[in-house]
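Dear colleague,

Please find below the structure that I am handing over to you, shown together with its sequence. My notes on what was found follow directly after it.

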2 protein chains.
Amino acid sequence: MRVLILGGDGYLGWPTAMHFAARGHEVTVIDNYLRRTIALETDSEPLYRTPTLQERAEIFAAVSNHKVRVVIGDCCDYDTLRGLVRDTQPEVVVHYAEQPSAPYSMRDYGSARLTLDNNLKATFNLAWAVIEEAPQAHIIKLGTMGEYGTPKIDIEEGWIEIDHKGRKDTFLFPRQAGSLYHTTKVLDTDLLWFYVRTFGIQVTDLMQGPVYGLRTPESELDDRLLPNFHYDDIFGTVVNRFLAQAVAGIPLTVYGKGGQTRGYLNLLDTLQCVELAAANPPGTGQLRILNQFTETFSVNALAEKVINVGRHMGLNVEVQALDNPRKEAEEHYYNPTHSGLLELGLQPNYLTDAVMEDLLKTVMCYKDAIAPRKVLPRVRWKQ
Amino acid sequence: MRVLILGGDGYLGWPTAMHFAARGHEVTVIDNYLRRTIALETDSEPLYRTPTLQERAEIFAAVSNHKVRVVIGDCCDYDTLRGLVRDTQPEVVVHYAEQPSAPYSMRDYGSARLTLDNNLKATFNLAWAVIEEAPQAHIIKLGTMGEYGTPKIDIEEGWIEIDHKGRKDTFLFPRQAGSLYHTTKVLDTDLLWFYVRTFGIQVTDLMQGPVYGLRTPESELDDRLLPNFHYDDIFGTVVNRFLAQAVAGIPLTVYGKGGQTRGYLNLLDTLQCVELAAANPPGTGQLRILNQFTETFSVNALAEKVINVGRHMGLNVEVQALDNPRKEAEEHYYNPTHSGLLELGLQPNYLTDAVMEDLLKTVMCYKDAIAPRKVLPRVRWKQ
């Protein structure tokens, strides 16, 4: 398959590129290093430096004999993206090219505007590039479970049939996100759904939960092929923050009551899911939505896991409750469906004690690089 | 009241400005003449030329002794809009500053991109300008009934309670629009709802149907104060197109089966609705949504009205069915609620034969200016 990956430098983008290339697909990645730039500007550099995309591609080719073609460019520039789609004629486009930080999107006008502009333009340009240059291409868009928020009813996979005053119709499941970043993904969905039903393009929207993990079969070939690891308050997930805090002997910072429950998954499962989606396209004129996570747990339950495994390993792990910098429900109902990807063949990797231990060991290799100033919340939702 | 009107040069913006000024309010309007520019570029000039905003304000001051302050500027430029909100400290901001043409938004990549950029940025900037400079201000946003599309269930006023698997929650009523323009208004709603619940601003979203009419008490003072009248395929509504066709002796162009049903209202009622919304703010942290129309009818029923009144006046009125350039249901269920504005005190003006006759007479004054080339559809939804 010819696979084009937008945002190929990211935590998911680079492992996805290697994963498809290692399976014999023809892979092109594009990235403008937006995340690296923002990380530098906001003192949120990752735990270890990752090589440039060209360097990574060179290292990967040397150890695996598989090629990843690299383009440094901005998907918000239509000529760039349209030209790339025309030249590569992708069968699958995996779209990760979004500013992915919720706190960054809530920092101030400028960061909010950048998030809105970048995410909407990249998505809009992709829809148009596919319509104009490769109308059969299957767009695999990374959405987020955060688009749904935490409603009081069960979360279905993307759609819901509403029975109202004796009549029925099917609609997108209501979305109500907790940050501007997550809201831009809601807008992305609205936009893609419009172009799917009007121009007949085909899209899979993967509503993903927070991802953890570093090792993949390809990154095992050379440590320089590891994806980036952000533990800061801007780009770091709660899992990564807790891992870094446990290793550095800083208390785990639980925001508010800690009952915030989300669906999580291992990086290995993201790769499986994207591959399964690519191998099973929905068909033209279809917007298929799949909820992409393997298990749900609360922040408190996650802290417990880190404490149990960390202490067993001799780490000094404590918990510190912080005023919640976000505006979110801290105790809530949460029952999202996630059967679609299992039906396609997903074999879940759960966050077992062994996996947690391996994650902690990996982070321990870089213990001296952990900067405590980066882990406390620097952005509040409401000033 | 201090009232700031964004898009004050438009078909609704200018009459709204005069309406509030005539009632003693302190009115400022801003406009960047985007509609005039697009009309010029697309050969869609209105039936008669309207003076510039400064000229209109001067004429209105001379005949009424009421003042409208005019600013020519772009709401997509944050410094401009923020400065204006800071300086005027509005109690009410009426937001009409959007590219309002569905066909224009479906013309090509460039026009779609302009529509997305303009509409989202103006709305986003307004939310931020209010948050940063006038957090108590009441934003009255013109939405459109077109955001809902034509679902198979009754359309409620903005919100719906969903009873699902034995649990309940209330959500925005599902939106599924028929053009990119209408989709940008869906995105506007998503954005404003996010900032309402996160920063506690107060917003009324008026989900308006197509508006017809020209005369208001203020425009009666001087013909040069009439709002613009577009009968072209880009900016003209189906009502205006039929009026121009009836007067020019061109068959009324019905798209497809003509069963497309929408909620319509008189310009006088738009003015009432906006005034009622302004006089009854929803309160901070509230997004109030009101469906703004007074009666529903199909395109075929509208054509019948024009034929009956037009023939009675001696006009030669015929109908011509055209292949539908749009992608829309041509026969569908349509039962939208619209009680909120009636409860606030709206006194509807219906499209009676007398009103239709008056509209036809007004257009007859400009009969010679009608250009038949402008009325046939020049944009198809799918090439």
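**Strand pairing in chain A**

In strand 2 of chain A, A:Ile30 is the bridge partner of A:Leu6. Please bear in mind throughout that this is a predicted model. The pairing of strand 1 (residues 2–6) with strand 2 of chain A is parallel and extends over five bridges. Together with helix 1 (residues 13–22) of chain A, these two strands form a right-handed β-α-β unit. Strand 2 of chain A also runs parallel to strand 3 (residues 68–72) of chain A, and five bridges join the two. Within strand 3 of chain A, the residue opposite A:Val27 is A:Val68. Five of the six residues of strand 2 (residues 26–31) of chain A are buried, so the strand is largely enclosed by the rest of the structure.

**The nonpolar cores**

In soluble globular proteins, nonpolar side chains tend to be buried together. Here the largest nonpolar core has 215 residues, and the members that touch the most others are A:Leu6 and B:Leu6. Apart from its neighbours within four places in sequence, A:Leu6 has contacts that include A:Ile30, A:Cys75, A:Val93, A:Val94, A:His95 and A:Tyr96.

**How the two chains meet**

Chain A and chain B each contribute 35 residues to the contact between them. On the side of chain A that touches chain B, at least two residues come from each of helix 6 (109–133), strand 6 (159–164), strand 7 (167–172) and helix 7 (180–199) of chain A. Helix 7 of chain A provides the largest share of that side, with nine residues. Sorted by class, the side of chain A that touches chain B consists of 21 nonpolar, four polar and ten charged residues.

A rotation of 180°, with 0.0 Å of shift along its axis, superposes chain A on chain B with an RMSD of 0.0 Å. The two copies are thus related as by a two-fold rotation axis. The C-alpha of chain A nearest the axis belongs to A:Leu187, at 2.9 Å from it. Of the interface residues of chain A, 100% are also interface residues in chain B, so the copies meet through the same surface.

One residue with contacts in both chains is B:Phe171, which is placed in strand 7 (residues 167–172) of chain B. Leaving aside neighbours within four places in sequence, B:Phe171 is in contact with A:Pro174 and A:Gln176, as well as with B:Trp159, B:Ile160 and B:Ile162. B:Phe171 counts as partly exposed because it has 19 C-beta neighbours inside 10 Å. B:Glu161 is ten residues from B:Phe171 along the chain, and their C-alpha atoms are separated by 6.3 Å.

Ten of the eleven residues of helix 8 (residues 238–248) of chain B are buried, so the helix is largely enclosed by the rest of the structure. The buried residues include B:Val238, B:Asn240, B:Arg241, B:Phe242 and B:Gln245. Among the elements of chain B that cover them are strand 9 (211–212), strand 10 (252–255), helix 10 (299–312) and helix 12 (353–364). Just after helix 8 of chain B, B:Gly249 has a positive phi of about 75°.

Chain B also has an open sheet of three strands in the order 9-11-13, with mixed pairing. Its edge strands, each of which pairs on one side only, are strand 9 and strand 13 (295–298) of chain B. Strand 11 (residues 261–266) and strand 13 of chain B run antiparallel and are joined by four bridges. B:Ser298 of strand 13 of chain B is the residue opposite B:Thr261.

**Two loop residues with positive phi**

B:Tyr33 is a residue other than glycine with a positive phi, near 60°. B:Tyr33 belongs to the loop between strand 2 (26–31) and helix 2 (34–41) of chain B, and counts as partly exposed, with 14 C-beta neighbours inside 10 Å.

B:Asn65, likewise not a glycine, has a positive phi near 70°. B:Asn65 is located in the loop between helix 3 (53–64) and strand 3 (68–72) of chain B. With 9 C-beta neighbours inside 10 Å, B:Asn65 counts as exposed.

Yours sincerely

Technical notes. Residues are numbered from 1 along each chain as its sequence is written. Chains are lettered from A and ligands numbered from 1 in the order in which they are written. This is a predicted model: local features need pLDDT of at least 70, side-chain atom pairs count only at pLDDT 80 or more; totals for chains, interfaces and linings use all residues. A residue is buried if 20 or more other C-beta atoms lie within 10 Å of its own, exposed if 12 or fewer, and partly exposed in between; C-beta atoms are placed from the backbone. Two residues are in contact if their C-beta atoms, placed from the backbone, lie within 7 Å. Ala, Val, Leu, Ile, Met, Phe, Trp, Tyr, Cys and Pro count as nonpolar, Asp, Glu, Lys and Arg as charged, and the others, Gly among them, as polar. Two strands pair if DSSP finds at least two bridges between them. A crossover is right-handed if, with the strands pointing away from the viewer, the path from the first strand over the helix to the second runs clockwise. Copies are superposed by least squares on the C-alpha atoms of residues with pLDDT of at least 70 in both. A nonpolar core is a set of buried Ala, Val, Leu, Ile, Met, Phe, Trp, Tyr and Cys residues joined through C-beta atoms within 7 Å.
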